[in-house]
Each structure stands twice: as C-alpha cells, then as structure tokens.
2 protein chains.
Amino acid sequence: MAKTNKNHDTEGQILSAAENIFQKKGMDGARMQEIADEAGINKAMLHYYYRSKQLLFEAVFTNAFSLLAPQLNKILNDDSSIEDKVKNFTHNYISFISKHPYLPNFIIQELNRNPKFFEKIQRNAAFPTLEKFKNQVNQEVEKGILKPINGEQLFINIISLNIFPFVATPLIKGFLKIENKAFKKMMEERKVSVSEFIINSIKK
Amino acid sequence: MAKTNKNHDTEGQILSAAENIFQKKGMDGARMQEIADEAGINKAMLHYYYRSKQLLFEAVFTNAFSLLAPQLNKILNDDSSIEDKVKNFTHNYISFISKHPYLPNFIIQELNRNPKFFEKIQRNAAFPTLEKFKNQVNQEVEKGILKPINGEQLFINIISLNIFPFVATPLIKGFLKIENKAFKKMMEERKVSVSEFIINSIKK
DNA sequence: TTATGGTTTAACTATTTGGTTAACAAAGAT
DNA sequence: ATCTTTGTTAACCAAATAGTTAAACCATAA
C-alpha cells in the first residue's frame, strides 16, 4: 500500500531543509521554525514525521555520514596499489567535497559535541575498517615499494591533507588573504598536488 | 588607582570559566548560567563585567586566538631553514595543543559560524603573515634545497597535518578503534613522524 | 563615624523555542 | 454517500534563557 493521501513528499522536503540548516548551523544553532520555513511547511509537521529535534537531527547526521563512508571504504578496501589509492582518493574526495562543502565540518563538529554518536553510526553496514589498508602498507614496505611507515599514521596524514582545508576554510582564506575564487582554484590544484606530496614522501 | 573594593578577581574568574564552557560547547551551546555556575559567581556579574553573551564570547575568542597566533608567527618569521621550521613547528605545536585540546576546534568552529570574526582579529598586532615564508620557500627551491613546491600549498599541508588530528579526534579514535591513551601515544609519535613525512616529501 | 561608590545578590521580565493539541482537510475504503 | 485514516494548520503551552533591576553589601576616604 503506497503512501498515498496528499503529501507531496513532505517527509523528504523536511529532511532536505533540515540538512541545509543543520549542516550550516549545527544542532545547537539550528531552529525548528527555521527548518520549517526553509521547507515551506508547517512546523508541526516536523514533529509529525520526526517526533523531535533530536531525532530529525540524527536522521540528517546518519544520512550525511552515509555519503562519506563509501568514499573511504573504496580507498581502504579495493585492490589497487597504495600509490593508486592515494591518487584516486585525493582526486575523488576533493571533487566530492567541493560539491558538499559543509559536510566534513558538520560531521566533525557534531562528533565533538557528542562522541557517543559514533556508536550509532558504527552499526552501519558500510562502516570503514582499516585492517586491509594497514596490511597492504606493511606488505609494500616489506617489498621495498614504500619507505618504512606506520599504516595508521599514513591514514591520518592522508585524511588530514584532504579534509582539513575544507574544515578550516575561513581560517585558510584569512591567512592566505584570498577569496572564494582563489580558494577554489587552490583546492583544484590540490587534487594533484596533495597526492604528489604524499607519494613523494612515502615512495622509495 | 588599583581596582580595590572586594572583588577577588571576579572578572578573571568569569573569563576563565567562560573559556572552559565556550571552548567545549561553542557560542550556541553555551549557557550564561552554566558559565556563572562554573565560576561560582552570580549570573548578573557576567553582564556587569562583560555586558552581553556576545561580548563575553568575543573576549574568549580573541584570547584564544592570541594564544595560537604567536606559535604560527614563530615558524613563519624566524630565520631558520624551512627544514628546521617544519621540525620546530611540528614539535612545538603538537606539544602546545596537547595542553589545550579544545582550542583549534573552537576557533575553527566559531570562524565557520561567523567568518566576519576574522576581521576583528586581523587588527591584532601579532597577526601572522605568509610573505616571508613564501619567499623563503621560493629561494630554497631555486637553490636546489627543496623540490619545486608552492609555498602556500606547503603551508596548508603543514597546518593540515598538525592541526587536523586534534580537530577530528573523535573521528580518528573511531576509525582507528583506539582510546585516549593510544591516541595520545600516536600524537606523541607525530611530533617526529609528521616532520619526517613533510621533509621526505619536499627535500631534494 | 559616616558618606561614597564600586560590587554582589535574588528576584524578576520579555522573548525564544521545542513541543502539543484540537479542529480541519482530503483521500481512499466501505 | 459516509466513514476512517492520514495529513495539515493555527493557536497554544511550558520551559529555558539572555538580560535587568532594586536593594543590600562592604571597603575606603573624608
């Protein structure tokens, strides 16, 4: 029995508006009324479909995380060499985030506010694991392809170089005294320069 | 005329309590009453000394920024080689942040919430500039000490590698499945491994 | 001693905000 | 047609919260 009655995907419109507002303002800064206005829908409907601010927020959060996890999973668990993984991830990730610039900061901020959220997400099927990546790094080090390096530290370095500029955008714009256009150009350059920077460092 | 009357540094106690609360919860998440409780001081005093939540927040924010700016200035404007700068900055910065773990996230978060804050801070005397650093990178590239690299991108890489793990601590703990103790150990290792990682990449 | 002026407190206010409710609308089932 | 279920709305409520106020407090100077 399909969800009929009137209802032009009200539930979806609410979620979409909630994504906009929550990702820009966070749980504490967001207002239910503002989300309702953004959706052009009566505020009571937010509670009708999602019960509470907390639950609506969690829907947005797990949704956001589900967008990012596959990106990571791909680099961590396919069969290409570390070098190719670094190249692909750097290129793909920066492309992806350029389209969703609020995403990384949103996730990091809300995870800081309530670290217990991680448990809820971890039950997600697509949750990334590091085992394969670590083993692969060790193997390539043994084979003499890579200089000796700890897989976990390399992982931290890769995500730091790729994610940080999008988390700290206003800070970087301020230090470099650049505006949006120049910033985007620099991020475009980073699709290549970051992987070069990493490969230069680890390849024997 | 010294500030006499009773007043056991009430103003300072308020600021200190406000730092704790604002840095953990942000402007939106913090409550004036909670700051008053943390300081053990009547809430009206917060307004007596700082007028409004906004102004108290700004006092905390500029204070926090003034702690970080000199660290950056040092690396950017002393006369040592790029290699030494990277080594010193990495070591000193990670040591410093380990003692103030909420600081980077606080600044980044609030700068995202209100990018205009940067203007207020920029008038600060100790505000870091990149000119000298960029020139120095160019010179060392010309001399053949460093591989060709853009100074601004190198700067982004350095601060990304150093700051990101402290901004995204819960995320990294989650991915690596580690707790506080192991995390601290990894950050301790990074005092050396990050500068090695960078030097390996850029040195000819 | 007492007048002065900065400091402190408890009680209060106005507004914001998450959440509820009761009445109403509309679509499908009977 | 009308009954039932689901969706929608405006008005409302209670709690939270930034900010105010008037009275009390207390150290100092005259």
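Is Lys120(A) buried, partly exposed or exposed? In this predicted model, Lys120(A) has a relative accessible area of 42%, so the residue is classed as partly exposed. Its side chain meets that of Glu58(A) in a salt bridge, with an N to O distance of 3.0 Å. Because Glu58(A) lies in helix 4 (residues 53–77) of chain A and Lys120(A) in helix 7 (residues 117–122) of chain A, the pair ties together parts that are 62 residues apart in sequence. Glu58(A), at 15% relative accessibility, counts as buried.

Over all chains, the structure holds 20 salt bridges. Another of them joins Lys87(A) and Glu83(A), at 3.0 Å from N to O. Both residues lie in helix 5 (residues 82–99) of chain A and are four residues apart, about one turn of the helix. Lys87(A) is partly exposed, with a relative accessible area of 39%. In chain B, the side chains of Arg113(B) and Glu110(B) meet in a salt bridge of 2.6 Å, N to O. These two residues lie three residues apart in helix 6 (residues 103–113) of chain B. Arg113(B) is partly exposed at 32%, whereas Glu110(B) is buried at 3% relative accessibility. In chain A, a network of salt bridges links Asp28(A), Glu110(A) and Arg113(A). The charged end of Arg113(A) also sits over the ring of Phe57(A), 5.6 Å from its centre.

Phe57(A) is in turn among the residues touched by Phe22(A), as are Met27(A), Leu56(A) and Phe106(A). The largest nonpolar core has 141 residues, and those with the most contacts inside it are Phe22(A), Leu56(A), Phe22(B) and Leu56(B).

The contact between the chains takes 51 residues from chain A and 51 residues from chain B. Together the two chains bury about 4,500 Å², of which 68% is on carbon and sulfur atoms. On the chain A side, Phe164(A), Phe175(A) and Phe197(A) lose the most area to chain B, together 17% of what that side buries. Zero salt bridges are found across this interface.

Terms used:
Residues numbered from 1 in each chain as written. Chains lettered and ligands numbered in written order. Predicted model: local features only at pLDDT ≥ 70, side-chain atom pairs only at ≥ 80, totals over all residues. Heavy atoms only, no water. Core = buried A, V, L, I, M, F, W, Y, C linked by side-chain atoms within 4.5 Å. Buried < 20%, exposed > 50% of the residue type's maximum accessible area, 1.4 Å probe, protein only. Contact = heavy atoms within 4.5 Å. Lys NZ or Arg CZ within 6 Å of the ring centre and 35° of its normal. Buried area = accessible area lost by both parts, 1.4 Å probe. Salt bridge = Lys/Arg side-chain N within 4 Å of Asp/Glu carboxyl O. Lists of a residue's contacts leave out its neighbours within four places in sequence.
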